[in-house]
Amino acid sequence: MPDRIVAALREKFEIENFVGFDLGVNRVPRIVVTIPPCEAHIYLHGAHVTHYRHRGQSPLLFLSEKSLFQNDKPIRGGIPICWPWFGPNKQNPSFPMHGFARTSMWELQGVAQIPTGQIELKLSLTPNEQSKNFFPHDFVLDYTITIGDTLELALRATNTGDQPFTYEEALHTYFAISDIRKTQLLGLGGSTYTTKVAPPGTHTQGPDPLLFTAETDSVYTNNTAECTIIDPPGDRTIVVGKQNSNSTIVWNPWIAKAKAMPDFSDEEWPKMLCVETANVWDNAITLALGQSHTMYQRIATRQLSQ
Ligand code: TA6
């Protein structure tokens, strides 16, 4: 079956030398984009960007060596799409963590090289019997991934039903860094955040830069700031821009939580930092009938010593 899916995708969407299709980890259908000087991998499972790299550099996205690639499991790393809720479902904790979008099979709607030379992929997700058990609304999710010198993501939700609905969303991006203990994060200085690390509470962050010395799981609401990750050992910065996003989440599991995750190696925690573009908690979005909302994340990098 996966072979037939890949063959059909090739037939319909392949762009020789730029966009190909193969069976990725665990024979899960994968889109392979090569647009010099960059490359990217995207799985139809969760419309999940798992890899993005500039030639001659190490990948910008972290992907756990123990990530699972199974239908009912999220991929650990890259850019999981959290939708239509963030964290545990508030009505029913037995529902999937972070919603069902990241464990759904998305449909590829379009592949194009646009006038800027970038490669643009369009994927979509609509309800199925299973999702309706979790979220009894009619919707269309459209996800546009634009790959070039930057990586740009646009997640659009449209209410196609006959009643308003409210949702949360997050592009839960795992950035690859050299060592969290030597990494700095700029952009959130002076902001209010709620920590989910015990004892939970709401605080005001000190002035930039944010340094990391322990488990960090912070939700910044009513915050539209662009963030910059500074990775001195990696000699690079990663700029995380956003639009139509009023929440940012910053997460590193540190030692104990890393050990508790079966799809994450004990030694991987220094190598990743999540800076998530989101609309969660008070920033959840309500769509009237026929209304749409699009959230954007833009990832750019440059050499630090330039
Ligand atoms: O975004 C941070 C967070 O909500 C953490 O609390 C942690 O649960 C993380 O997401 C990963 O969640 P996952 O369900 O992917 O293991």
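Predicted model: local features only at pLDDT ≥ 70, side-chain atom pairs only at ≥ 80, totals over all residues.
Strands here are DSSP runs of E at least two residues long, and they are numbered from the N terminus.

Residues are numbered from 1 along each chain as its sequence is written, and side-chain values use heavy atoms, with hydrogens and water left out.

Backbone first. N26 lies in the loop between β1 (19-23) and β2. Its phi is near 60 degrees, positive although N26 is not a glycine. Most residues other than glycine have a negative phi, and most peptide bonds are trans. There are two cis bonds to mention. One runs from P36 to P37, with omega near 10 degrees, and P37 is in the loop between β2 (29-35) and β3 (38-43). Another joins D208 and P209, with omega about -5 degrees; P209 belongs to the loop between β15 (201-204) and β16.

Next, the sheet. Two strands count as paired if DSSP finds at least two bridges between them. An open sheet is built from 9 strands, in the order β6-β7-β8-β9-β23-β19-β18-β13-β16, with antiparallel pairing. Its edge strands, β6 (107-113) and β16 (210-211), each pair on one side only. β6 pairs with β7 (residues 119-125) over 6 bridges, and Q113 has I119 as its bridge partner in β7. These two strands form a hairpin with 5 residues between them, and G117 in the turn has a positive phi of about 95 degrees. Elsewhere in the sheet, β9 (residues 151-159) and β23 (residues 292-303) pair over 8 bridges, antiparallel. There, L155 stands opposite M295 in β23.

Now the ligand. Which residues surround the ligand? With near meaning a heavy atom within 4 Å, the residues are R76, F86, M97, H98, R102, H172, K196, D217, I249, W251 and E276. By class, that shell has 4 nonpolar, 2 polar and 5 charged residues, where Asp, Glu, Lys and Arg count as charged, Ala, Val, Leu, Ile, Met, Phe, Trp, Tyr, Cys and Pro as nonpolar, and the others, Gly among them, as polar.

For polar contacts, the cut-off is a pair of N or O atoms within 3.5 Å. Ligand oxygen atoms are 2.8 Å from a polar side-chain atom of R102, 2.9 Å from one of K196, and 3.0 Å from a side-chain N or O of H98. Taken alone the ligand exposes 390 Å², of which the protein buries 85%, by the Shrake-Rupley method with a 1.4 Å probe.

Notes. Polar contact = N/O pair within 3.5 Å; in protein donor to acceptor, adjacent residues only side chain to side chain. Helix = DSSP H or I, 4+ residues; strand = E, 2+ residues; numbered from the N terminus.
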